[in-house]
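Have the coordinates open while you read.

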Amino acid sequence: MMNIMLGNRLRAIRKEHGLTQQNIADVLGVDRTTYTVYEGGAITPSTATLVKLSQIYNVTVGYLIGIEENNPELRKVPDEKPGNILSGDPISLLKKEEKELLVYFRVLSEEEKQKLMKKIKVLAQSKGKL
């Protein structure tokens with residue numbers, strides 16, 4: 001039962017984020033067919049993989065495995081404000097490569113995120129974008 005719930009949630013949340021099974025498999029470092037089996041509910045991912053999936057989707061492991069019904073705080077969309085690009089559904093506003101970038105970013109350590117952000121800022125500043 002848990003595998004079916006997990007599979008259904010993995011599939012739904014992946015589609016909600018506009019990602020493919022291959023995108024997620026690449027981040028997890030597994031073959032796409034392995035990830036497909038997770039979504040199909042035939043096998044349960046390891047604890048480490050569940051944690052990584054929760055980081056990718058910004059939800060709790062409890063939500064993924066069906067212990068928690070919803071995850072309102074983690075999945076909350078910012079308040080709508082006129083002219084705010086984040087109003088409405090922020091995921092739908094992102095291009096495919098931006099979504100993929102977020103997936104990879106979420107699995108980095110805090111130190112790695114800080115280093116990457118510094119590099120991005122330097123690059124953007126060198127292009128006169130900031």
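What follows covers a helix pair, the nonpolar core and the salt bridges. Keep in mind that this is a predicted model.

**A helix pair**

Let's start with helix H2 (residues 21–28) and helix H3 (residues 32–40), whose axes sit 8 Å apart and cross at about 110 degrees. On the H2 side, the contact is made by Gln21, Gln22, Ile24, Ala25 and Leu28, and on the H3 side by Arg32, Tyr35, Thr36, Tyr38 and Glu39. Sort the residues of this contact by type and you get 5 nonpolar, 3 polar and 2 charged.

**The core**

Some of those names come back in the largest nonpolar core, which has 19 residues. Ile24, Leu28 and Tyr35 are among the residues with the most contacts inside it, a list that also includes Leu10, Leu53, Ile56 and Tyr57. Helix H1 (2–16), H2, H3, helix H4 (47–57) and helix H5 (61–65) each put in at least two residues.

Which residues does Tyr57 touch, once neighbours within four places in sequence are left aside? Its contacts are Leu10, Ile13, Arg14, His17, Leu19, Ile24, Tyr35 and Arg106.

**Salt bridges**

Side chains of opposite charge can pair when their charged atoms come close. Here the count comes to 4 salt bridges, including these:

| Pair | N to O distance |
|---|---|
| Arg11 and Glu39 | 3.9 Å |
| Arg14 and Glu39 | 2.5 Å |
| Glu110 and Lys113 | 3.5 Å |

Glu39 turns up in the pair with Arg11 and again in the pair with Arg14. Both pairs link distant parts of the chain: Arg11 in helix H1 is 28 residues from Glu39 in helix H3, and Arg14, also in H1, is 25 residues from Glu39. Is Glu39 buried or exposed? Its relative accessibility is 2%, under the 20% cut-off, so Glu39 counts as buried. Arg14 is buried too, whereas Arg11 is partly exposed, with a relative accessible area of 28%.

The Glu110 and Lys113 pair sits within helix H8 (residues 110–126); the two residues are 3 apart, which means about one helical turn between them. Glu110 is exposed at 53% relative accessible area, while Lys113, at 16%, counts as buried. As for shared partners, salt bridges join Arg11, Arg14 and Glu39 into one network.

Terms used. Residues numbered from 1 in each chain as written. Predicted model: local features only at pLDDT ≥ 70, side-chain atom pairs only at ≥ 80, totals over all residues. Heavy atoms only, no water. Axes fitted to C-alpha atoms, helices over the stretch in contact; angles between N-to-C directions. Helix = DSSP H or I, 4+ residues; strand = E, 2+ residues; numbered from the N terminus. Contact = heavy atoms within 4.5 Å. Nonpolar A, V, L, I, M, F, W, Y, C, P; charged D, E, K, R; others polar. Core = buried A, V, L, I, M, F, W, Y, C linked by side-chain atoms within 4.5 Å. Buried < 20%, exposed > 50% of the residue type's maximum accessible area, 1.4 Å probe, protein only. Salt bridge = Lys/Arg side-chain N within 4 Å of Asp/Glu carboxyl O.
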